[in-house]
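Please read them beside the coordinates.

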Amino acid sequence: MFRWLQQLIRKHTNPIPVDRAATTKQKLAVLYMLLAWNAFGFVCYMFYTGRGDWARYYGYKSEAEAAMPPAQQWAKTLKIEKTRIIRMSGLHQEQAYDYENEDLKKVKEEEEEN
């Protein structure tokens, strides 16, 4: 926490008794536990019903994007034009290939033409 913010709060608030603070902290911990458990249950339910990839289910991700491996998706997100993608399984290399982002190439070519 920022020191100046901490001093401002201490200056403008009254101290809370220790037993009341401990009780409030315990109630907030139980509330947080219930919210986290419900969120975990909701995620499990979404995967169980086949909606784990919510972006694909609700149409925010096209079939082409869904078929693309995660490494290529990240290369596209990070706007990396050329890279070498290495797929690992444990400590063994499964696959290695070069990837070129065609969308970025087209954009750069259009910029050079203008």
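Predicted model: local features only at pLDDT ≥ 70, side-chain atom pairs only at ≥ 80, totals over all residues.

1. Residues are numbered from 1 along each chain as its sequence is written, and side-chain values use heavy atoms, with hydrogens and water left out.

2. N101 sits in the loop between β2 and α6. Is N101 buried or exposed? N101 is buried because its relative accessibility is 2%; the class buried means under 20% relative accessible area, exposed means over 50%, and partly exposed lies in between (1.4 Å probe, protein chains only).

3. Leaving aside residues up to four places away in sequence, N101 touches A75, K76, I80 and E81, where contact means heavy atoms within 4.5 Å. The N101 side chain also reaches the backbone nitrogen of D103 at 3.3 Å. Such a polar contact is a pair of N or O atoms within 3.5 Å; within protein, one must be able to donate a hydrogen and the other to accept it, and residues adjacent in sequence count only if both atoms are side-chain atoms.

4. D103 also forms a salt bridge with K76, with the closest N and O atoms 3.4 Å apart. This pair links distant parts of the chain, 27 residues apart: K76 belongs to helix α5 (residues 70-77) and D103 to helix α6 (residues 102-113). K76 is partly exposed because its relative accessible area is 31%, and D103 counts as partly exposed at 39% relative accessibility. A salt bridge is taken as a side-chain nitrogen of Lys or Arg within 4 Å of a carboxyl oxygen of Asp or Glu.

5. How many salt bridges does the structure hold? There are five salt bridges in the structure, including that of R56 with E63, whose closest N and O atoms are 3.2 Å apart. R56 is partly exposed at a relative accessible area of 42%, whereas E63 counts as exposed at 55% relative accessibility.

6. β1 and β2 pair in the antiparallel sense over eight bridges; two strands pair if DSSP finds at least two bridges between them. K82 has E100 in β2 as its bridge partner. The hairpin of β1 and β2 has two residues between the strands, and G90 takes a positive phi near 70° there.

7. A salt bridge joins R84 and D98, the closest N and O atoms being 3.3 Å apart. The pair links distant parts of the chain, with R84 in strand β1 (residues 82-89) and D98 in strand β2 (residues 92-100), 14 residues apart. R84 is partly exposed at 49% relative accessible area, and D98 counts as exposed at 59%.

8. P17 lies in the loop between α1 (3-12) and α2 (18-48) and counts as partly exposed at 43% relative accessibility. The C-alpha atoms of P17 and Y48 are separated by 47 Å, with the two residues 31 apart along the chain.

9. F42 has its place in helix α2 and is exposed because its relative accessible area is 51%. Together, F42, V43, Y45 and F47 form a nonpolar patch on the surface, with about 450 Å² of accessible area. Patches are made of residues with over 30% relative accessible area and no salt bridge; like charges are joined within 9 Å and nonpolar side chains (Val, Leu, Ile, Met, Phe, Trp, Tyr) within 5 Å. Accessible areas come from the Shrake-Rupley method with a 1.4 Å probe, and for residues, only the protein chains shown count as cover.

Key:
Helix = DSSP H or I, 4+ residues; strand = E, 2+ residues; numbered from the N terminus.
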